[in-house]
Amino acid sequence: LHLSIRRQRQMCIRDRVQDDERKKLRHAEFTSEYHALIKHHRDTNKILKQLQDNEQIINYYLKQSHEVA
């Protein structure tokens, strides 16, 4: 092959490999962010559940204190 054509092919191959690496990196970043969001969502749900449980306990004791008074 002519030198300029071979050089162009090498550059295309290099660019394709770099694009593939960028795609893999973006996928890894997206996956990492996705898992972080899922964990945050689960943690938030746990906190909300604890708050609801605490509210029920507080309401129970308030009701008991009103019945005694």
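Predicted model: local features only at pLDDT ≥ 70, side-chain atom pairs only at ≥ 80, totals over all residues.

Reader: How many helices and strands are in the protein?
Author: Helices (H or I, at least four residues) and strands (E, at least two) are DSSP runs, numbered from the N terminus. The protein has one helix and zero strands.

Reader: Why is the protein described as more spread out than a compact globule?
Author: The radius of gyration is taken over C-alpha atoms, and the globule rule is 2.2 Å times the number of residues to the power 0.38. For 69 residues that rule gives 11 Å, and the protein is well over this, so it is more spread out than a compact globule, with a radius of gyration of 30 Å.

Reader: What does the C-alpha trace span along its principal axes?
Author: Tyr60 and Val17 are 43 residues apart in sequence and 64 Å apart in space, C-alpha to C-alpha. Along the principal axes, the C-alpha trace of the protein spans about 100 × 10 × 5 Å.

Reader: What share of the 69 residues is buried?
Author: Take Tyr60: at 47% relative accessibility it counts as partly exposed. Ile47, at 48%, also counts as partly exposed. Of the 69 residues in the protein, buried residues make up 0%.

Reader: How many aromatic pairs does the structure hold?
Author: Rings of Phe, Tyr and Trp (its six-membered ring) pair if their centres lie within 6.5 Å; planes under 30 degrees apart count as stacked, over 60 as edge-to-face and the rest as tilted. The number of aromatic pairs in the structure is two.

Reader: Which class does the pair of Phe30 and Tyr34 fall in?
Author: Their ring centres are 6.4 Å apart and the planes are at 20 degrees, so the pair is stacked.
Both residues lie in helix α1 (residues 3–68), with a spacing of four residues, about one turn of the helix. Phe30 counts as exposed at 54% relative accessibility. The class of the Phe30 and Tyr34 pair is stacked.

Key: Residues numbered from 1 in each chain as written. Heavy atoms only, no water. Buried < 20%, exposed > 50% of the residue type's maximum accessible area, 1.4 Å probe, protein only.
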